[in-house]
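Open the structure in your viewer and keep the selection panel at hand.

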Amino acid sequence: MSLVLAATNESALIDLRAVAKTYETDTGPVHALARVDLKIKRGEFVSLLGPSGCGKTTLMSLIAGLATPSEGEVRIDDMSIRSPYTNLGIVFQNAELLDWRTAIQNIMLQIEIRGLDVKTYLPIARKLLAQVGLKEFENKYPDELSGGMKQRVALCRALIHDPEILLMDEPFGALDAMTRDQMNADLQRIWMQSKKTAILVTHSIDEAVFMSDRVIVMSARPASVVEDLQIDLPRPRSLDVRDTPEFNEYTAHLRARFKALGVFSND
Amino acid sequence: MTETVMTQIQSTSAKAVTKKSKGFGFLVPVCSLLASVLLWEGIVRFFSVPVYILPPPSSIFHTAIAQHQYLLKHAISTSWAIFLGFVWAFAIGIPLATVMTFSASLRRAIYPLLIVAQVLPKVALAPLFIVWFGFGMFPKVVMTFLIALFPIVIDTLAGLSTVRPESLMLLRSMGATRWQSFWKVRLPTALPHIFSGLKIAMTFAVVGAIVAEFVASDSGLGYVLVDARANLDMVMVFAAIIWLIVLGFLFFLAVELAERLFVKGSSHRRSQELGAGL
Ligand SMILES: Nc1ncnc2c1ncn2[C@@H]1O[C@H](COP(=O)(O)OP(=O)(O)OP(=O)(O)O)[C@@H](O)[C@H]1O
Ligand SMILES: [Mg+2]
C-alpha cells in the first residue's frame, strides 16, 4: 500500500513545495499564501475552495508561472517553474475575449501567439465550438454572445492547443444557476474526453464536489491547505447526483468545515 | 438552423432601423441649416445690411464658387499644412505615448514638457516662428503639429492603459512576447481611445494651420482671410470661411472613415458613443 502511495506521489504532475507568497505593496506586505504543500496527479480534477481573498487566484498564477513564489518551489513535470508555463490553458472569471475578434478568431488567438499553423487548427476550433454547442456562433463578436456563451468560447480557447493542464479561476461565478449547471455538465464531458489535469477555483461547494476528484479547502489569508478531500463518486456524474445522500454527505462535511473556519459566521 | 435565420432576420431588421433613423437624423440638421441660411438672406435683404458688415449668403456662395481657382490654390496650401502637421503629430505622438506607457521614468520626464507645450498659448509663438522659420509651409506645419500632438498623446496614453491585467496574463500564458502582447491586445484595445484623440487632433490641426497662416504666411485660406479683411472684402472673408468649413469637415470625415476601417466589434460601437459626445 505504501509502495503504491509512493509511486503515485512520484507521478505528481504539479508539485507545490512549501510555497509562500507575499505581495509587497505601497501599504506594506500582504501575506497571501502562508505555506502550501500540494501535489496534483496527471489527469486529476482538483477544486480549490476557500473564502474570498484567501489567495486562490494567487495560487493559480503561481502554478502558471505568472507570479513567482516568495518562498518554496512550484514544480511541473519535475521542472522548477520560474517563468510562464505555457503548456496550459486558462479560463478567467470574465471570459477575457477580445472585443474586436469573433468567437473563432478569439479561439485562434492561442494558435497565432504560439506560432502554430492556423490551417491545421481552424477545423479543431470549429469542432470545439460545436462540442460546446456554439456551432452557429463562430462569427459572432463577444458583445453578441451571452455570458455563458463567452465562457464557452474562453474554454475552447484554453483547450485548442491541447495543453496538459487546464486552469479555471471561478469560470462560472458570474453565471446564473441554470447556465452554471449546464456548464458543469459540459465541462465534465469535455474533461472526461480530453483527460486534462484540471484545477478549478470556485466559491460553490456543490460545484466543487460535483466536478472534482479532490477538493482542496484553503483557510483565510494567509492561506494554507486545511483539508484535502477525496470525492469518490462514480463518473460520468449526472446533475442528479447532487440529490444523492453520498453527494450531500460531502457537501455537508465541507460546509461544516467552512463554519469551523468562521466563513459562515453570520448564520 | 432556425436560430441563425432568426438572428439574421433580427440583425437585418436592426440594420434597417438604424439606417432609417440615420437617414432621418441626417435630414433634420440639413433642414435647420437651410432655414438659418434663408433667414440670414432674408434679414440682410429686408434691412438692407451693407455688404461690408454682413454679406448675404447668396453672394457668399456665388464668390465661393466663382473664385474657386483662387480659393482652391490656397485651400491646397492649407490642406498640406494640416495633413503634414497631423501626420507628424501622429507619427511622433503614438510612439511617444507608447514609451510613456512602458517606462515610468520616461513618463515622468515627458509629461510635464507636454503639458507646458499645451498650456503655452501657441498663437503667441507664431510671430517667433517668422523669426525662426520665415514664411511658408514650415512654420505652418510646426504650429499644426504642436497643436495636434497633445490630444493624440493623452488619448493614446489613456487607451494603452485600459487593457485588463487578466488579458495580459492570458497572453503571457500563451508564451507571448511583449511585442505580441502590444500588437495583438494592448494596441487594439487602445484604438477607440486613439481615434477619439485623432478626431480632436484633426479639428485642432485645422485651427493650428489657420492661426499660423494669420501670422506667418503668404498663402493658405488663413492668409486669404486676413488679406480679404484688410481690403474690406467681406464676401471673400465669408467665402474663405465656407471653404474652411468644408475642408475641416472632409479631414474629420477621413479620420472617421479610418476609424470605421480599423475598429471592429463592439469597441467600434463604444467609440462611436464616445465620438457622439464631440
Ligand atoms: N498583484 C497583487 N498585489 C498586491 N496584492 C495582491 C495582488 N494580488 C492579490 N493580492 C492580495 O492577495 C490576497 C489574495 O488575493 P487572491 O486574488 O489570490 O485571492 P482569491 O482567493 O483569488 O480571492 P477571490 O476569491 O476574491 O477571487 C488578497 O488580499 C489580495 O488583496
Ligand atoms: Mg480570485
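The stops below follow in selection order.

This is a predicted model, where local features need pLDDT of at least 70, side-chain atom pairs count only at pLDDT 80 or more, and totals for chains, interfaces and linings use all residues. Residues are numbered from 1 along each chain as its sequence is written, chains are lettered from A and ligands numbered from 1 in the order in which they are written, and side-chain values use heavy atoms, with hydrogens and water left out.

**Stop 1: ligand 1.** Select ligand 1 and the 14 residues around it (a heavy atom within 4 Å). Ser52(A), Gly53(A), Lys56(A), Thr57(A) and Thr58(A) come nearest. By class, expect four nonpolar, seven polar and three charged residues; Gly counts as polar.

**Stop 2: polar atoms.** Show N and O atoms within 3.5 Å of each other. A backbone N or O atom of Gly55(A) sits 2.9 Å from a ligand 1 oxygen. Glu170(A) brings a polar side-chain atom to 3.1 Å from an oxygen of ligand 1. Alone, ligand 1 exposes 630 Å², and the protein buries 64% of that (Shrake-Rupley, 1.4 Å probe).

**Stop 3: elements.** Color β1 (12–25), β2 (28–41) and α2 (56–63) of chain A; each gives two or more residues to the shell. Which element gives the most? α2(A), with three residues. Helices (H or I, at least four residues) and strands (E, at least two) are DSSP runs, numbered from the N terminus.

**Stop 4: chain B.** Select domain 1 (1–49) and domain 2 (55–275), bounds from an automatic or database assignment. Their contact (heavy atoms within 4.5 Å) takes five residues from domain 1 of chain B and seven from domain 2 of chain B.

Conventions:
A polar contact is a pair of N or O atoms within 3.5 Å; within protein, one must be able to donate a hydrogen and the other to accept it, and residues adjacent in sequence count only if both atoms are side-chain atoms.
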